[in-house]
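Hi everyone, thanks for making the time. Please take a look at the structure on the screen, and I'll walk you through a few places in it.

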Amino acid sequence: MTKKKRRLYMLGLALLGLGTATALTLTAFQDNIVFFYSPSQLQTQQVGDRSFRLGGLVEEGSVRKSTDGMVTEFRVTDTAHTVDVSYRGQLPDLFREGQGVVAEGKLTKGVFVAREVLAKHDETYMPPEVSEALKQAGVYKESKADSAKTDSAKVAKKE
């Protein structure tokens, strides 16, 4: 075998190894990627049987607890559309109506069955995905803390 053929075989083997490694990595990531949707986006996109995150505001007057207190049903809205949510377990202490929430789970027969519910952690925080979805819906009102962060980010970018 000549040096040229040997180099071509080695190059081919290296490309085959790289392709295999890339395919395995992408397959592993596919199972761990969790997409975020707002209620309005769920109306236009098919999510199938995949797990995803749903974010928005807890609709006023929609929270109902079962008699045993373990199952809570509520509605998540972005003011344009709403999605029914069912959650089994203890909700975060900061969970309440009219506040931002992100729930992770699956859509089953038109009801989002959440396996985890995350609530905002202080009075000015809202998950970035939720605030972006509300901005797109045209209902997000920027707080003073948010505008200060935006202004400081603009200044830092210019420097």
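Let me begin with a term: patches are made of residues with over 30% relative accessible area and no salt bridge, where like charges are joined within 9 Å and nonpolar side chains (Val, Leu, Ile, Met, Phe, Trp, Tyr) within 5 Å. This is a predicted model, so local features need pLDDT of at least 70 and side-chain atom pairs count only at pLDDT 80 or more, while totals for chains, interfaces and linings use all residues. Residues are numbered from 1 along each chain as its sequence is written, and side-chain values use heavy atoms, with hydrogens and water left out.

Now to the patches. Arg-7 sits in helix H1, residues 3–32 (helices are DSSP runs of H or I with at least four residues, strands are runs of E with at least two, and both are numbered from the N terminus). With 59% relative accessibility, Arg-7 is exposed; here exposed means over 50%, buried under 20%, and partly exposed in between, using a 1.4 Å probe and protein chains only.

A nonpolar surface patch comes from Leu-8, Leu-11, Leu-15 and Leu-18, which together have about 430 Å² of accessible area, by the Shrake-Rupley method. Leu-11 is also in helix H1, and is partly exposed at 48%.

Let's move on to helix H3, residues 128–137. Which residues are buried there? They are Val-130, Ser-131, Ala-133 and Leu-134. Looking down the axis of H3, the buried residues fall within an arc of 160 degrees, so they line one face of the helix; the arc is that of the directions from the helix axis to the C-beta atoms. The face turned away from the buried side of H3 carries the exposed Pro-128 and Gln-136.

Finally, salt bridges, meaning a side-chain nitrogen of Lys or Arg within 4 Å of a carboxyl oxygen of Asp or Glu. The structure has five of them. In one, Arg-75 pairs with Glu-59, with the closest N and O atoms 3.0 Å apart. Arg-75 is in strand E4 and Glu-59 in the loop between strands E2 and E3, so this pair ties together parts that are 16 residues apart in sequence. Arg-75 also bridges to Asp-84, at 2.8 Å between the closest N and O atoms.

How values were computed
Accessible areas come from the Shrake-Rupley method with a 1.4 Å probe; for residues, only the protein chains shown count as cover.
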